[in-house]
Amino acid sequence: MMEYIEKKFDVEQVIEDFELMTKDAGRIQEETLGKILKENEGTEYMKQWGLNGRTDVETFKACVPIVSHNDLNPYIQRIVDGDLSPILTGKPIQAISLSSGTTQGKPKFVPFNDVLVNSAMQTFKLSFAFRNREFPIGNGKALHFFYSSKQFKTKGGLAAGTASTNVFRNAQFQKTVKAMSTPVCSPDEVTFGPDFQQSLYCHLLCGLIFRNEVQVVSSMFAHSIVHAFQSFEQIWEALVVDIREGDLSSRVTVPSIRLAMSKLLKPDPELAETIYIKCSSLSNWYGLIPELFPNTKYIHGVMTGSMEPYLKKLRHYAGELPLLSADYCSSEGCIGVNVNPKLPPEMVTYAVLPNIAYFEFLPLKENLIGMEQANSTVGLTEVKLGEEYEIVFTNFAGLYRYRLGDVVKIKGFHNGTPELQFVCRKDLLLSINIDKNTEKDLQLAVEAAGKHLVDEILEVVDFTSHVNISADPGHYVIFWELSGEATDEILQECCNCLDKSFLDAGYVSSRKVNAIGALELRIVKKGTFHKILDHFVGLGGAASQFKTPRCVGPKNSSLIEILSSNVVKSYSSTAFC
Ligand code: AMP
(Lines give C-alpha, C1' and ligand atoms only; values in the text may rest on other atoms or scores of the structure.)
Protein backbone atom coordinates (compact mmCIF):
# COMPACT_ATOMS: atom_id res chain seq x y z
CA MET A 1 0.00 0.00 0.00
CA MET A 2 2.79 2.36 0.99
CA GLU A 3 4.56 1.64 -2.28
CA TYR A 4 1.36 2.44 -4.18
CA ILE A 5 0.98 5.82 -2.42
CA GLU A 6 4.58 6.70 -3.22
CA LYS A 7 4.12 5.79 -6.86
CA LYS A 8 0.89 7.81 -7.07
CA PHE A 9 2.50 10.84 -5.51
CA ASP A 10 5.44 10.64 -7.91
CA VAL A 11 3.17 10.34 -10.89
CA GLU A 12 1.18 13.45 -10.04
CA GLN A 13 4.26 15.45 -9.19
CA VAL A 14 5.98 14.47 -12.42
CA ILE A 15 2.96 15.56 -14.47
CA GLU A 16 2.65 18.81 -12.55
CA ASP A 17 6.32 19.64 -13.11
CA PHE A 18 5.89 18.97 -16.81
CA GLU A 19 2.80 21.20 -17.00
CA LEU A 20 4.70 24.05 -15.37
CA MET A 21 7.74 23.58 -17.56
CA THR A 22 5.79 23.45 -20.81
CA LYS A 23 3.85 26.62 -19.90
CA ASP A 24 7.18 28.38 -19.85
CA ALA A 25 8.81 26.50 -22.73
CA GLY A 26 10.44 29.56 -24.36
CA ARG A 27 12.25 30.68 -21.23
CA ILE A 28 13.28 27.11 -20.35
CA GLN A 29 14.78 26.72 -23.83
CA GLU A 30 16.87 29.87 -23.42
CA GLU A 31 18.00 28.70 -19.99
CA THR A 32 18.90 25.27 -21.35
CA LEU A 33 20.96 26.76 -24.17
CA GLY A 34 22.69 29.06 -21.67
CA LYS A 35 23.63 26.09 -19.47
CA ILE A 36 24.95 24.04 -22.38
CA LEU A 37 27.06 26.92 -23.70
CA LYS A 38 28.44 27.85 -20.27
CA GLU A 39 29.44 24.26 -19.51
CA ASN A 40 31.21 23.88 -22.82
CA GLU A 41 32.55 27.33 -23.71
CA GLY A 42 36.16 26.22 -23.30
CA THR A 43 35.96 23.30 -25.69
CA GLU A 44 38.04 23.16 -28.83
CA TYR A 45 34.94 22.92 -30.98
CA MET A 46 33.07 25.85 -29.45
CA LYS A 47 36.07 28.17 -29.09
CA GLN A 48 36.47 28.38 -32.85
CA TRP A 49 33.07 30.08 -33.30
CA GLY A 50 33.97 33.19 -31.31
CA LEU A 51 31.03 33.29 -28.92
CA ASN A 52 33.31 34.86 -26.30
CA GLY A 53 31.08 33.91 -23.41
CA ARG A 54 27.81 35.03 -25.05
CA THR A 55 24.99 32.54 -24.60
CA ASP A 56 22.01 34.27 -26.22
CA VAL A 57 20.08 32.60 -29.01
CA GLU A 58 20.85 35.21 -31.70
CA THR A 59 24.62 35.08 -31.23
CA PHE A 60 24.54 31.31 -31.02
CA LYS A 61 22.64 31.01 -34.29
CA ALA A 62 24.77 33.63 -36.01
CA CYS A 63 28.13 32.12 -35.02
CA VAL A 64 27.69 28.35 -34.82
CA PRO A 65 26.99 26.41 -38.04
CA ILE A 66 24.34 23.76 -38.52
CA VAL A 67 26.11 20.43 -38.91
CA SER A 68 25.44 16.80 -39.62
CA HIS A 69 27.08 13.75 -38.09
CA ASN A 70 29.71 13.69 -40.83
CA ASP A 71 30.94 17.19 -39.86
CA LEU A 72 31.39 16.18 -36.22
CA ASN A 73 32.78 12.74 -36.92
CA PRO A 74 36.48 13.77 -36.92
CA TYR A 75 36.03 15.24 -33.42
CA ILE A 76 34.05 12.23 -32.20
CA GLN A 77 36.65 9.88 -33.64
CA ARG A 78 39.41 11.52 -31.59
CA ILE A 79 37.29 11.06 -28.44
CA VAL A 80 36.67 7.42 -29.39
CA ASP A 81 40.42 6.98 -29.79
CA GLY A 82 41.06 8.22 -26.25
CA ASP A 83 41.85 11.95 -26.55
CA LEU A 84 40.72 13.29 -23.15
CA SER A 85 41.17 16.99 -23.92
CA PRO A 86 37.97 19.11 -23.96
CA ILE A 87 37.11 18.53 -27.60
CA LEU A 88 33.33 18.70 -27.70
CA THR A 89 32.43 18.80 -24.01
CA GLY A 90 33.97 20.47 -20.97
CA LYS A 91 33.88 17.23 -18.99
CA PRO A 92 35.42 14.19 -20.70
CA ILE A 93 33.04 11.83 -22.50
CA GLN A 94 33.11 8.41 -20.86
CA ALA A 95 30.97 6.32 -23.15
CA ILE A 96 29.92 6.10 -26.77
CA SER A 97 26.54 5.12 -28.16
CA LEU A 98 26.12 3.30 -31.41
CA SER A 99 23.10 4.49 -33.30
CA SER A 100 21.30 1.75 -35.20
CA GLY A 101 22.35 3.42 -38.44
CA THR A 102 20.07 1.07 -40.30
CA THR A 103 19.22 3.84 -42.70
CA GLN A 104 22.86 4.40 -43.63
CA GLY A 105 23.88 0.76 -43.36
CA LYS A 106 26.55 1.31 -40.72
CA PRO A 107 26.33 2.41 -37.07
CA LYS A 108 27.35 5.96 -36.13
CA PHE A 109 29.31 6.81 -32.99
CA VAL A 110 27.55 9.33 -30.75
CA PRO A 111 28.98 10.80 -27.49
CA PHE A 112 27.15 9.66 -24.37
CA ASN A 113 27.25 10.98 -20.80
CA ASP A 114 25.34 11.08 -17.51
CA VAL A 115 23.18 14.02 -18.61
CA LEU A 116 21.71 11.78 -21.30
CA VAL A 117 20.95 9.17 -18.62
CA ASN A 118 19.12 11.87 -16.65
CA SER A 119 17.16 12.90 -19.74
CA ALA A 120 16.25 9.30 -20.41
CA MET A 121 15.12 9.00 -16.79
CA GLN A 122 13.00 12.15 -17.07
CA THR A 123 11.41 10.86 -20.26
CA PHE A 124 10.82 7.47 -18.71
CA LYS A 125 9.13 8.90 -15.60
CA LEU A 126 6.98 11.29 -17.56
CA SER A 127 5.89 8.70 -20.04
CA PHE A 128 5.11 6.27 -17.23
CA ALA A 129 3.12 8.97 -15.43
CA PHE A 130 0.90 9.78 -18.43
CA ARG A 131 0.46 6.12 -19.29
CA ASN A 132 -0.33 5.07 -15.77
CA ARG A 133 -2.95 7.78 -15.43
CA GLU A 134 -4.92 6.36 -18.36
CA PHE A 135 -4.00 2.70 -17.97
CA PRO A 136 -3.18 1.98 -14.33
CA ILE A 137 -1.53 -1.35 -13.74
CA GLY A 138 -1.48 -3.19 -10.47
CA ASN A 139 1.02 -5.71 -9.22
CA GLY A 140 2.12 -7.75 -12.14
CA LYS A 141 4.87 -8.20 -14.67
CA ALA A 142 5.91 -6.87 -18.05
CA LEU A 143 6.95 -9.21 -20.82
CA HIS A 144 9.59 -6.92 -22.26
CA PHE A 145 11.34 -8.00 -25.45
CA PHE A 146 14.54 -6.14 -24.83
CA TYR A 147 17.94 -7.29 -26.09
CA SER A 148 21.08 -5.51 -25.06
CA SER A 149 23.86 -4.88 -27.54
CA LYS A 150 27.34 -6.26 -27.13
CA GLN A 151 29.34 -3.69 -25.20
CA PHE A 152 32.97 -3.24 -26.11
CA LYS A 153 35.84 -0.90 -25.35
CA THR A 154 36.96 1.49 -28.05
CA LYS A 155 40.65 1.85 -28.94
CA GLY A 156 40.74 4.72 -26.44
CA GLY A 157 39.15 2.62 -23.67
CA LEU A 158 35.62 4.07 -23.76
CA ALA A 159 32.63 1.78 -23.20
CA ALA A 160 30.64 1.52 -26.43
CA GLY A 161 27.17 0.06 -26.90
CA THR A 162 23.75 1.14 -28.05
CA ALA A 163 22.30 4.12 -26.20
CA SER A 164 19.58 1.94 -24.69
CA THR A 165 22.20 -0.50 -23.38
CA ASN A 166 24.23 2.41 -21.99
CA VAL A 167 21.10 3.75 -20.29
CA PHE A 168 19.76 0.40 -19.04
CA ARG A 169 23.13 -0.61 -17.61
CA ASN A 170 23.34 2.60 -15.61
CA ALA A 171 22.84 1.90 -11.88
CA GLN A 172 20.81 5.06 -11.25
CA PHE A 173 18.51 4.31 -14.17
CA GLN A 174 17.99 0.73 -13.02
CA LYS A 175 17.02 2.00 -9.57
CA THR A 176 14.48 4.43 -11.05
CA VAL A 177 13.04 1.83 -13.40
CA LYS A 178 12.73 -0.72 -10.62
CA ALA A 179 11.02 1.80 -8.33
CA MET A 180 8.62 3.13 -10.94
CA SER A 181 7.71 0.36 -13.29
CA THR A 182 6.39 -3.12 -13.48
CA PRO A 183 9.03 -5.81 -12.96
CA VAL A 184 9.95 -7.76 -16.06
CA CYS A 185 9.41 -11.49 -16.46
CA SER A 186 12.93 -12.27 -17.67
CA PRO A 187 16.02 -12.36 -15.48
CA ASP A 188 18.88 -9.98 -16.41
CA GLU A 189 20.91 -12.91 -17.75
CA VAL A 190 18.30 -13.29 -20.51
CA THR A 191 17.98 -9.57 -21.26
CA PHE A 192 21.72 -8.98 -21.31
CA GLY A 193 22.57 -12.35 -22.84
CA PRO A 194 25.09 -12.51 -25.68
CA ASP A 195 22.91 -14.45 -28.14
CA PHE A 196 19.79 -12.81 -29.53
CA GLN A 197 17.98 -16.03 -30.54
CA GLN A 198 18.55 -17.62 -27.15
CA SER A 199 17.36 -14.48 -25.36
CA LEU A 200 14.26 -14.38 -27.54
CA TYR A 201 13.45 -18.03 -26.77
CA CYS A 202 13.83 -17.43 -23.03
CA HIS A 203 11.85 -14.17 -23.04
CA LEU A 204 8.94 -16.18 -24.49
CA LEU A 205 9.44 -18.98 -22.00
CA CYS A 206 9.53 -16.56 -19.05
CA GLY A 207 6.38 -14.87 -20.32
CA LEU A 208 4.58 -18.23 -20.45
CA ILE A 209 5.78 -19.21 -16.97
CA PHE A 210 4.34 -15.96 -15.59
CA ARG A 211 1.43 -15.89 -18.04
CA ASN A 212 -1.22 -14.89 -15.50
CA GLU A 213 0.93 -12.11 -14.07
CA VAL A 214 1.81 -10.45 -17.38
CA GLN A 215 0.09 -7.06 -17.56
CA VAL A 216 2.13 -5.38 -20.28
CA VAL A 217 3.78 -6.73 -23.42
CA SER A 218 6.44 -4.32 -24.60
CA SER A 219 9.63 -3.62 -26.54
CA MET A 220 11.52 -0.52 -27.61
CA PHE A 221 10.40 -0.73 -31.22
CA ALA A 222 7.21 -2.61 -32.16
CA HIS A 223 9.15 -4.71 -34.67
CA SER A 224 10.60 -6.74 -31.77
CA ILE A 225 7.11 -7.74 -30.55
CA VAL A 226 5.97 -8.78 -34.02
CA HIS A 227 9.22 -10.67 -34.57
CA ALA A 228 8.84 -12.43 -31.21
CA PHE A 229 5.35 -13.71 -31.97
CA GLN A 230 6.26 -14.66 -35.53
CA SER A 231 9.02 -16.75 -33.96
CA PHE A 232 6.53 -18.10 -31.42
CA GLU A 233 4.45 -19.49 -34.30
CA GLN A 234 7.49 -21.56 -35.28
CA ILE A 235 8.77 -22.66 -31.86
CA TRP A 236 5.72 -22.88 -29.60
CA GLU A 237 5.79 -26.68 -29.48
CA ALA A 238 9.36 -26.68 -28.17
CA LEU A 239 8.35 -24.14 -25.50
CA VAL A 240 5.45 -26.37 -24.44
CA VAL A 241 7.81 -29.36 -24.11
CA ASP A 242 10.19 -27.32 -21.92
CA ILE A 243 7.32 -26.31 -19.62
CA ARG A 244 5.89 -29.83 -19.47
CA GLU A 245 9.24 -31.37 -18.56
CA GLY A 246 10.76 -28.46 -16.65
CA ASP A 247 13.87 -28.85 -18.73
CA LEU A 248 15.35 -26.11 -20.92
CA SER A 249 15.81 -26.91 -24.61
CA SER A 250 19.36 -27.67 -25.70
CA ARG A 251 19.10 -24.77 -28.16
CA VAL A 252 19.92 -22.52 -25.17
CA THR A 253 23.62 -23.01 -24.59
CA VAL A 254 24.79 -19.86 -22.75
CA PRO A 255 25.63 -21.14 -19.21
CA SER A 256 24.51 -17.98 -17.37
CA ILE A 257 21.13 -18.06 -19.14
CA ARG A 258 20.71 -21.77 -18.44
CA LEU A 259 21.48 -21.24 -14.77
CA ALA A 260 19.07 -18.31 -14.44
CA MET A 261 16.32 -20.22 -16.28
CA SER A 262 16.80 -23.33 -14.15
CA LYS A 263 15.65 -21.27 -11.17
CA LEU A 264 12.34 -20.47 -12.89
CA LEU A 265 11.55 -23.55 -14.90
CA LYS A 266 9.79 -26.40 -13.06
CA PRO A 267 7.75 -29.23 -14.65
CA ASP A 268 4.21 -27.88 -15.10
CA PRO A 269 2.13 -30.27 -17.23
CA GLU A 270 -1.05 -28.32 -16.53
CA LEU A 271 0.37 -25.05 -17.90
CA ALA A 272 1.88 -26.92 -20.84
CA GLU A 273 -1.50 -28.44 -21.65
CA THR A 274 -3.28 -25.07 -21.42
CA ILE A 275 -0.83 -23.49 -23.86
CA TYR A 276 -0.97 -26.49 -26.15
CA ILE A 277 -4.76 -26.35 -26.34
CA LYS A 278 -4.80 -22.59 -26.92
CA CYS A 279 -2.20 -22.73 -29.69
CA SER A 280 -3.83 -25.69 -31.42
CA SER A 281 -7.22 -24.03 -31.47
CA LEU A 282 -6.31 -20.46 -32.46
CA SER A 283 -7.35 -19.63 -35.97
CA ASN A 284 -4.53 -17.92 -37.85
CA TRP A 285 -2.99 -16.76 -34.51
CA TYR A 286 -5.49 -13.92 -34.21
CA GLY A 287 -5.54 -12.57 -30.63
CA LEU A 288 -2.52 -14.66 -29.66
CA ILE A 289 -1.24 -12.17 -27.06
CA PRO A 290 -4.39 -11.98 -24.89
CA GLU A 291 -4.88 -15.74 -25.24
CA LEU A 292 -1.41 -16.43 -23.91
CA PHE A 293 -1.38 -13.59 -21.38
CA PRO A 294 -5.00 -13.10 -20.31
CA ASN A 295 -4.37 -10.20 -17.90
CA THR A 296 -2.50 -7.99 -20.35
CA LYS A 297 -3.73 -4.38 -20.21
CA TYR A 298 -1.86 -3.01 -23.22
CA ILE A 299 0.98 -3.39 -25.71
CA HIS A 300 3.74 -0.80 -25.59
CA GLY A 301 6.61 0.10 -27.96
CA VAL A 302 7.44 2.67 -30.67
CA MET A 303 4.76 2.20 -33.33
CA THR A 304 5.24 5.30 -35.45
CA GLY A 305 7.58 6.05 -38.37
CA SER A 306 9.31 3.00 -39.77
CA MET A 307 7.31 0.83 -37.33
CA GLU A 308 3.95 1.65 -38.93
CA PRO A 309 4.16 -1.15 -41.50
CA TYR A 310 4.13 -3.68 -38.60
CA LEU A 311 0.94 -2.32 -37.04
CA LYS A 312 -1.35 -4.60 -39.01
CA LYS A 313 0.43 -7.72 -37.80
CA LEU A 314 0.68 -6.33 -34.28
CA ARG A 315 -3.08 -5.70 -34.20
CA HIS A 316 -3.60 -9.25 -35.42
CA TYR A 317 -1.65 -10.67 -32.49
CA ALA A 318 -3.07 -8.11 -30.02
CA GLY A 319 -6.76 -8.68 -30.79
CA GLU A 320 -8.71 -6.04 -28.88
CA LEU A 321 -5.83 -4.89 -26.65
CA PRO A 322 -4.89 -1.20 -26.80
CA LEU A 323 -1.65 -0.35 -28.62
CA LEU A 324 0.33 2.43 -26.91
CA SER A 325 3.17 4.00 -28.83
CA ALA A 326 6.35 4.61 -26.82
CA ASP A 327 8.30 7.86 -26.86
CA TYR A 328 10.48 9.62 -29.39
CA CYS A 329 14.13 9.14 -28.48
CA SER A 330 17.35 8.65 -30.38
CA SER A 331 20.93 7.76 -29.56
CA GLU A 332 21.61 11.49 -29.57
CA GLY A 333 19.02 12.09 -26.85
CA CYS A 334 15.30 12.09 -26.12
CA ILE A 335 13.00 14.43 -27.97
CA GLY A 336 9.41 13.98 -26.92
CA VAL A 337 6.93 12.01 -24.86
CA ASN A 338 3.61 10.49 -25.81
CA VAL A 339 1.37 12.45 -23.45
CA ASN A 340 -1.87 11.16 -25.02
CA PRO A 341 -1.35 7.41 -24.72
CA LYS A 342 -4.98 6.66 -25.58
CA LEU A 343 -4.54 7.81 -29.17
CA PRO A 344 -4.17 5.06 -31.78
CA PRO A 345 -0.58 4.79 -33.06
CA GLU A 346 -1.43 6.44 -36.39
CA MET A 347 -2.42 9.63 -34.53
CA VAL A 348 0.28 9.69 -31.87
CA THR A 349 2.26 12.87 -31.32
CA TYR A 350 5.21 13.60 -29.05
CA ALA A 351 5.37 16.63 -26.74
CA VAL A 352 8.89 18.04 -26.74
CA LEU A 353 10.70 18.27 -23.40
CA PRO A 354 12.01 21.84 -23.32
CA ASN A 355 14.75 21.29 -20.75
CA ILE A 356 16.41 18.28 -22.38
CA ALA A 357 18.19 20.06 -25.23
CA TYR A 358 18.00 23.27 -27.23
CA PHE A 359 15.74 22.61 -30.20
CA GLU A 360 15.62 24.31 -33.59
CA PHE A 361 13.48 23.47 -36.57
CA LEU A 362 14.45 23.84 -40.22
CA PRO A 363 11.36 24.52 -42.29
CA LEU A 364 11.33 21.82 -44.88
CA LYS A 365 10.65 23.95 -47.92
CA GLU A 366 13.56 26.25 -47.22
CA ASN A 367 15.82 23.32 -46.81
CA LEU A 368 17.58 23.06 -50.15
CA ILE A 369 19.96 26.01 -50.17
CA GLY A 370 23.12 25.04 -48.33
CA MET A 371 24.65 27.46 -45.79
CA GLU A 372 21.84 29.95 -46.17
CA GLN A 373 20.00 27.65 -43.82
CA ALA A 374 22.04 28.71 -40.79
CA ASN A 375 19.71 31.56 -39.94
CA SER A 376 16.56 30.01 -41.20
CA THR A 377 15.73 27.78 -38.28
CA VAL A 378 12.88 28.63 -35.96
CA GLY A 379 12.78 28.01 -32.23
CA LEU A 380 10.65 25.56 -30.27
CA THR A 381 7.93 28.09 -29.55
CA GLU A 382 7.98 29.59 -33.06
CA VAL A 383 6.96 26.55 -35.05
CA LYS A 384 3.68 26.71 -36.98
CA LEU A 385 0.80 24.30 -36.76
CA GLY A 386 0.63 21.95 -39.76
CA GLU A 387 4.15 22.73 -41.01
CA GLU A 388 6.91 20.16 -41.53
CA TYR A 389 10.44 20.64 -40.23
CA GLU A 390 13.72 18.87 -39.86
CA ILE A 391 14.88 18.73 -36.21
CA VAL A 392 18.20 20.38 -35.33
CA PHE A 393 19.36 20.19 -31.74
CA THR A 394 22.06 21.12 -29.29
CA ASN A 395 22.52 18.75 -26.37
CA PHE A 396 24.58 18.40 -23.20
CA ALA A 397 26.82 15.74 -24.73
CA GLY A 398 28.73 17.67 -27.39
CA LEU A 399 26.31 18.04 -30.29
CA TYR A 400 25.73 21.64 -31.42
CA ARG A 401 23.11 22.56 -34.00
CA TYR A 402 23.08 18.94 -35.04
CA ARG A 403 20.77 17.73 -37.79
CA LEU A 404 19.06 14.68 -36.45
CA GLY A 405 17.86 13.69 -39.90
CA ASP A 406 14.20 13.32 -38.89
CA VAL A 407 11.24 15.13 -40.42
CA VAL A 408 8.34 16.01 -38.12
CA LYS A 409 5.01 17.77 -38.49
CA ILE A 410 3.53 20.11 -35.90
CA LYS A 411 0.17 18.67 -34.93
CA GLY A 412 -0.64 20.77 -31.87
CA PHE A 413 0.75 22.24 -28.68
CA HIS A 414 0.89 21.02 -25.13
CA ASN A 415 0.84 24.35 -23.30
CA GLY A 416 3.78 26.13 -24.95
CA THR A 417 5.63 23.12 -26.34
CA PRO A 418 4.85 21.60 -29.73
CA GLU A 419 3.43 18.13 -30.23
CA LEU A 420 5.30 16.50 -33.09
CA GLN A 421 4.15 13.82 -35.44
CA PHE A 422 7.04 11.76 -36.76
CA VAL A 423 6.96 11.91 -40.57
CA CYS A 424 10.08 10.16 -41.84
CA ARG A 425 13.86 10.15 -42.04
CA LYS A 426 15.08 13.09 -44.05
CA ASP A 427 17.53 11.11 -46.16
CA LEU A 428 16.29 10.86 -49.64
CA LEU A 429 15.65 7.24 -50.32
CA LEU A 430 14.86 6.60 -53.92
CA SER A 431 16.28 8.93 -56.52
CA ILE A 432 17.61 8.31 -60.01
CA ASN A 433 17.40 11.72 -61.68
CA ILE A 434 14.82 14.36 -60.77
CA ASP A 435 12.64 11.97 -58.76
CA LYS A 436 12.65 12.16 -54.97
CA ASN A 437 10.85 9.55 -52.93
CA THR A 438 11.16 9.24 -49.18
CA GLU A 439 10.65 6.40 -46.76
CA LYS A 440 7.08 7.65 -46.28
CA ASP A 441 6.38 7.65 -50.05
CA LEU A 442 7.65 4.09 -50.25
CA GLN A 443 5.51 3.06 -47.29
CA LEU A 444 2.39 4.58 -48.85
CA ALA A 445 3.10 2.90 -52.21
CA VAL A 446 3.53 -0.48 -50.51
CA GLU A 447 0.31 0.04 -48.55
CA ALA A 448 -1.60 0.90 -51.73
CA ALA A 449 -0.21 -2.07 -53.68
CA GLY A 450 -0.68 -4.41 -50.70
CA LYS A 451 -4.46 -3.87 -50.95
CA HIS A 452 -4.46 -6.14 -54.02
CA LEU A 453 -3.49 -9.01 -51.71
CA VAL A 454 -6.38 -8.63 -49.29
CA ASP A 455 -8.83 -10.85 -51.20
CA GLU A 456 -6.23 -13.61 -51.20
CA ILE A 457 -5.91 -13.23 -47.40
CA LEU A 458 -2.25 -12.40 -47.88
CA GLU A 459 -0.11 -9.56 -46.63
CA VAL A 460 3.30 -7.97 -47.04
CA VAL A 461 5.37 -9.20 -44.09
CA ASP A 462 8.22 -6.77 -44.73
CA PHE A 463 9.75 -4.77 -47.56
CA THR A 464 12.71 -2.80 -48.73
CA SER A 465 13.90 -1.12 -51.91
CA HIS A 466 16.94 -0.51 -54.05
CA VAL A 467 17.80 1.73 -56.97
CA ASN A 468 19.22 -0.24 -59.86
CA ILE A 469 21.41 2.17 -61.81
CA SER A 470 23.50 -0.54 -63.40
CA ALA A 471 20.62 -0.98 -65.85
CA ASP A 472 19.93 1.65 -68.52
CA PRO A 473 17.66 3.39 -67.78
CA GLY A 474 17.89 2.96 -64.02
CA HIS A 475 14.80 1.78 -62.15
CA TYR A 476 13.36 1.12 -58.71
CA VAL A 477 13.46 -2.40 -57.31
CA ILE A 478 11.06 -3.24 -54.48
CA PHE A 479 11.58 -6.41 -52.44
CA TRP A 480 8.57 -7.99 -50.71
CA GLU A 481 8.29 -10.87 -48.32
CA LEU A 482 4.74 -12.21 -48.30
CA SER A 483 2.78 -14.22 -45.73
CA GLY A 484 1.94 -16.86 -48.37
CA GLU A 485 1.86 -17.54 -52.09
CA ALA A 486 0.12 -15.19 -54.50
CA THR A 487 -0.68 -15.80 -58.15
CA ASP A 488 1.42 -14.22 -60.92
CA GLU A 489 -1.60 -12.25 -62.02
CA ILE A 490 -2.10 -10.62 -58.62
CA LEU A 491 1.61 -9.91 -58.20
CA GLN A 492 1.74 -8.28 -61.63
CA GLU A 493 -1.14 -6.04 -60.50
CA CYS A 494 0.77 -5.23 -57.30
CA CYS A 495 3.86 -4.36 -59.33
CA ASN A 496 1.89 -2.01 -61.61
CA CYS A 497 0.19 -0.43 -58.64
CA LEU A 498 3.55 0.19 -56.89
CA ASP A 499 4.82 1.96 -59.99
CA LYS A 500 1.68 4.14 -60.19
CA SER A 501 1.72 4.92 -56.48
CA PHE A 502 4.92 6.97 -56.47
CA LEU A 503 3.15 10.25 -57.08
CA ASP A 504 6.15 12.57 -57.02
CA ALA A 505 6.13 14.65 -60.21
CA GLY A 506 9.80 13.91 -60.95
CA TYR A 507 9.13 10.17 -60.91
CA VAL A 508 5.93 10.30 -62.94
CA SER A 509 7.42 12.51 -65.67
CA SER A 510 10.63 10.45 -65.83
CA ARG A 511 8.63 7.24 -66.13
CA LYS A 512 6.50 8.66 -68.94
CA VAL A 513 9.55 9.42 -71.09
CA ASN A 514 11.34 6.27 -69.96
CA ALA A 515 14.14 8.22 -68.23
CA ILE A 516 13.39 5.82 -65.40
CA GLY A 517 12.74 2.21 -66.40
CA ALA A 518 9.92 -0.10 -65.37
CA LEU A 519 9.69 -0.75 -61.64
CA GLU A 520 10.66 -4.25 -60.61
CA LEU A 521 8.90 -6.16 -57.84
CA ARG A 522 10.97 -9.02 -56.46
CA ILE A 523 9.41 -11.53 -54.09
CA VAL A 524 11.78 -13.05 -51.54
CA LYS A 525 11.49 -16.31 -49.61
CA LYS A 526 9.74 -16.39 -46.24
CA GLY A 527 12.21 -15.62 -43.47
CA THR A 528 14.47 -13.40 -45.59
CA PHE A 529 13.87 -10.34 -43.41
CA HIS A 530 14.66 -12.35 -40.28
CA LYS A 531 17.99 -13.16 -41.96
CA ILE A 532 18.56 -9.42 -42.39
CA LEU A 533 17.92 -8.90 -38.67
CA ASP A 534 20.28 -11.78 -37.83
CA HIS A 535 22.91 -10.22 -40.08
CA PHE A 536 22.53 -6.86 -38.29
CA VAL A 537 22.81 -8.55 -34.88
CA GLY A 538 25.83 -10.53 -36.13
CA LEU A 539 27.58 -7.24 -36.87
CA GLY A 540 27.16 -6.23 -33.21
CA GLY A 541 23.86 -4.31 -33.51
CA ALA A 542 21.15 -4.66 -30.88
CA ALA A 543 17.98 -6.38 -32.01
CA SER A 544 15.94 -4.00 -29.82
CA GLN A 545 17.04 -1.05 -31.92
CA PHE A 546 16.62 -2.71 -35.30
CA LYS A 547 14.78 -0.87 -38.04
CA THR A 548 14.53 -2.60 -41.40
CA PRO A 549 16.55 -0.55 -43.90
CA ARG A 550 13.90 0.66 -46.30
CA CYS A 551 16.42 1.36 -49.03
CA VAL A 552 19.53 -0.71 -49.60
CA GLY A 553 22.36 1.35 -51.03
CA PRO A 554 24.86 -0.03 -53.60
CA LYS A 555 27.62 -0.16 -50.96
CA ASN A 556 25.61 -2.43 -48.70
CA SER A 557 26.70 -5.49 -50.66
CA SER A 558 25.99 -8.03 -47.92
CA LEU A 559 22.34 -6.98 -47.72
CA ILE A 560 22.02 -7.00 -51.49
CA GLU A 561 23.50 -10.48 -51.44
CA ILE A 562 20.99 -11.72 -48.80
CA LEU A 563 18.10 -10.26 -50.76
CA SER A 564 19.25 -11.39 -54.20
CA SER A 565 19.97 -14.93 -53.13
CA ASN A 566 16.44 -15.25 -51.73
CA VAL A 567 14.44 -13.93 -54.67
CA VAL A 568 11.86 -16.46 -55.84
CA LYS A 569 9.91 -14.44 -58.42
CA SER A 570 10.19 -11.09 -60.08
CA TYR A 571 7.86 -8.85 -62.08
CA SER A 572 8.37 -5.78 -64.24
CA SER A 573 5.78 -3.03 -64.28
CA THR A 574 3.68 -2.49 -67.38
CA ALA A 575 1.88 0.48 -65.80
CA PHE A 576 3.33 3.21 -68.02
CA CYS A 577 3.39 1.24 -71.29
P1 AMP B 1 18.91 5.23 -33.27
O2 AMP B 1 19.77 5.90 -34.29
O3 AMP B 1 19.03 3.78 -33.32
O4 AMP B 1 19.09 5.83 -31.93
O5 AMP B 1 17.42 5.54 -33.71
C6 AMP B 1 16.88 6.82 -33.54
C7 AMP B 1 15.93 7.09 -34.65
O8 AMP B 1 14.81 6.19 -34.56
C9 AMP B 1 15.31 8.46 -34.59
O10 AMP B 1 16.14 9.47 -35.11
C11 AMP B 1 14.05 8.24 -35.41
O12 AMP B 1 14.35 8.27 -36.79
C13 AMP B 1 13.64 6.83 -35.01
N14 AMP B 1 12.67 6.90 -33.89
C15 AMP B 1 12.92 6.90 -32.58
N16 AMP B 1 11.77 7.00 -31.86
C17 AMP B 1 10.78 7.09 -32.76
C18 AMP B 1 9.36 7.23 -32.67
N19 AMP B 1 8.73 7.28 -31.51
N20 AMP B 1 8.66 7.28 -33.83
C21 AMP B 1 9.29 7.19 -35.02
N22 AMP B 1 10.61 7.05 -35.17
C23 AMP B 1 11.34 7.01 -34.06
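These legends describe close-up views of a sheet and of a helix pair in a predicted model.

The model is predicted: local features need pLDDT of at least 70, side-chain atom pairs count only at pLDDT 80 or more, and totals for chains, interfaces and linings use all residues. Residues are numbered from 1 along each chain as its sequence is written, and side-chain values use heavy atoms, with hydrogens and water left out.

**View 1. An open sheet of 4 strands.**
The strand order is E17-E18-E19-E20, with mixed pairing. Strands E17 (460-468) and E20 (567-572) are the edges, each pairing on one side only. From one strand to the next, the twist averages 20°. Strands (E, at least two residues) and helices (H or I, at least four) are DSSP runs, numbered from the N terminus. Strands pair if DSSP finds at least two bridges between them.

**View 2. Strands E18 and E19, with helix H16 on the sheet.**
E18 (residues 475-482) and E19 (residues 520-524) run parallel, joined by 5 bridges. Trp 480 has Ile 523 in E19 as its bridge partner. Helix H16 (residues 439-450) packs on the sheet and touches E17 and E18. The direction of H16 makes about 125° with that of E17. Angles run from 0 to 180 degrees between N-to-C directions, and axes are lines fitted to C-alpha atoms, for helices over the stretch in contact.

**View 3. The crossing of helices H19 and H20.**
The axes of H19 (residues 528-538) and H20 (residues 557-564) come within 10 Å and cross at roughly 155°. The two helices are therefore roughly antiparallel (over 145 degrees). Thr 528, Phe 529, Lys 531, Ile 532 and His 535 of H19 contact Ser 558, Leu 559, Ile 562 and Leu 563 of H20 (heavy atoms within 4.5 Å).

Definitions and conventions:
Angles under 35 degrees count as roughly parallel, over 145 as roughly antiparallel, 65 to 115 as roughly perpendicular and the rest as oblique.
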